[in-house]
Amino acid sequence: MSVDLETPVPVRAARAPGPAPRVIRRRTHPMWFLFPAYAVLVVFFVLPTLFNFVYAFTDWSGFKSAINPVGFDNFTALVSDGTLFRSLRITLLYAVLVAVFQNVFGFGLAVLLERDTVVNRIARTFFLIPVLMSALAVGYVFQALLKPTGWLADTTWTLLVVSLIHAWKWMGLSMLIYLAGLKTVPEDVLEAARIDGASRWRTFWTIRAPLLAPAVTFTVATALLGSMNGFDIVQATTGGGPARTTEILNIFIYRTFGQGLFAQATTMSLVLFLLVALLAFPVIYLLRRRERIL
Amino acid sequence: MSDLPLWRRLQPFVAVLLVAGLIGAPLWLVVVTAGKSQGEAIDPDFSLPSHWQLLGNLRQVWTDADVPAAFLGSMLIVVPTVVLVLVLGSMAAWVLARRTSRPIAVLYAVGISGIILPPAVVTVVLLLRQLGLAGTAIGMICVYLGIYLSTVIFFVTGFVRTIPESLEEAAQIDGAGPVLVFRRIVLPLLRPVLATATILICLYVWNDVFYAFFVVGGRLDTLPLNLFRVASAGLYLNNWNLIFAYVILMSLPLVAVFAVAQRKVISGITGGAVK
């Protein structure tokens, strides 16, 4: 199937890397095992992404069957009516707020519930419930809870409130990751610090916190980039309002797609892709480096 | 810091208070509101219903909103997605973990990029239309596979690297081919990480409404899509008792899974993040 992928790799016996030479690898771990997964990835993930780069420059819509190229018209339209930069600003702000709150809450809970007591174990279980719940359901619960307060109708502060709700839903996950990170600190290192007379406060910040770095990288990255792709919670609490002040990119895409303005939706989808990709490369680099260290 | 005697005594109370305030209050709101009559539930609050009609509300949602059809739709999509994503993902991950070369590193980077990069939700609809899969369960499954294969590849590749290769070599010396080695030796060893991935993927797909809206919205009902439609339609606007009854119905399967496999869920969720 994928024979063409198996072009012979010159093997130098002098510095044969790893436990087995590549010639044997080719037989014991054949490339065609990659084929089904990569076929699906290419057709249903890569291809639509490439389509984004094409259809963002057309007048594709639900009102006519012909699709014609229009150059940068969609971009200039979105820039000139201010939608593009407003949505970008809101999305970035939302993502940063979610990442900060989710990690602060998660870290606080992990430190609070670190000891393995019965109460703590039950408490941890409770904080996992929102993680399991549907984000849409979480949104409706908070809409009902907060509607009488007017917090969801403020053009300045509603974005903050919605990001707090998003962080509330996912803080249990950050807590679990930080708890697992705290457990990886070897007991003898803490013992040594204690013998050397380090205070508990100092031990915590100089020994345990640095060892949490991989956990921090992971949860900050996933919270930041994940919430840029958010939709459910914002849709269920405000629907992008009031006055479109919480309209993150995916809300815009959903709304314009529903109106049949497919090219505009595609353009914003491309903008979201570029935004995340731009921020993701350093993040993937960090994740992979961490993997090599551990 | 956490060993001071006073704090040791106080900590359980702080923990209980936080649970009650942060988790208990919203959940209480859901349950009491789901038990109220329509009139009482117009402005949801923490008061008890004057007359509990939780079962009646559940029954009304069950029939009015056509929950059984949506439940079947969800199952029809979640089960094949999870099975396929695990099989295809671990096949690829095994080879990616065991072979080392420049092209493999590139393929791995491409394979895991979907963890972070957002899928092109609008153009995927066009693609499915061209393939004749628009609005079908198969189309939806393929889209989920494209989105979540990267998660599985990331988790499983990391796990395979921790398994000593000698186990495979023993079987290879006995003459077993790659398919046999993968099926009989590797797959059983992957059980912990596959449990992790199952939980994560179930969670994502079961609760997804965004991708489902674009791909199968209006054609095939899933539970979240149905809830979304029901809650935004004029029919249930501000009928919080019915919306929350739906939330309870929809969450029950996940709560059941969680109750049965709680330890697995917890180790699962953390497993990939901090090795």
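Student: Which residues does Ala41(B) touch, not counting residues up to four places away in sequence?

Tutor: Ala41(B) touches Thr33(B), Lys36(B), Trp240(B) and Asn241(B). Two residues are in contact if their C-beta atoms, placed from the backbone, lie within 7 Å. This is a predicted model, where local features need pLDDT of at least 70, side-chain atom pairs count only at pLDDT 80 or more, and totals for chains, interfaces and linings use all residues. Residues are numbered from 1 along each chain as its sequence is written, while chains are lettered from A and ligands numbered from 1 in the order in which they are written.

Student: Why is Ala41(B) called buried?

Tutor: A residue is buried if 20 or more other C-beta atoms lie within 10 Å of its own, exposed if 12 or fewer, and partly exposed in between. Ala41(B) has 24 C-beta neighbours inside 10 Å, so Ala41(B) counts as buried.

Student: How far apart are Ala41(B) and Asn241(B) in sequence and in space?

Tutor: They are 200 residues apart in sequence. In space, C-alpha to C-alpha, the separation is 5.7 Å.

Student: How many residues of chain B are in contact with chain A?

Tutor: 75 residues of chain B are in contact with 81 residues of chain A. On the chain B side, 53 are nonpolar, 16 polar and six charged. Ala, Val, Leu, Ile, Met, Phe, Trp, Tyr, Cys and Pro count as nonpolar, Asp, Glu, Lys and Arg as charged, and the others, Gly among them, as polar.

Student: What are the domains of chain B?

Tutor: Domain 1 (5-62) and domain 2 (70-232). The bounds come from an automatic or database domain assignment. Their centres, taken over C-alpha atoms, are 36 Å apart.
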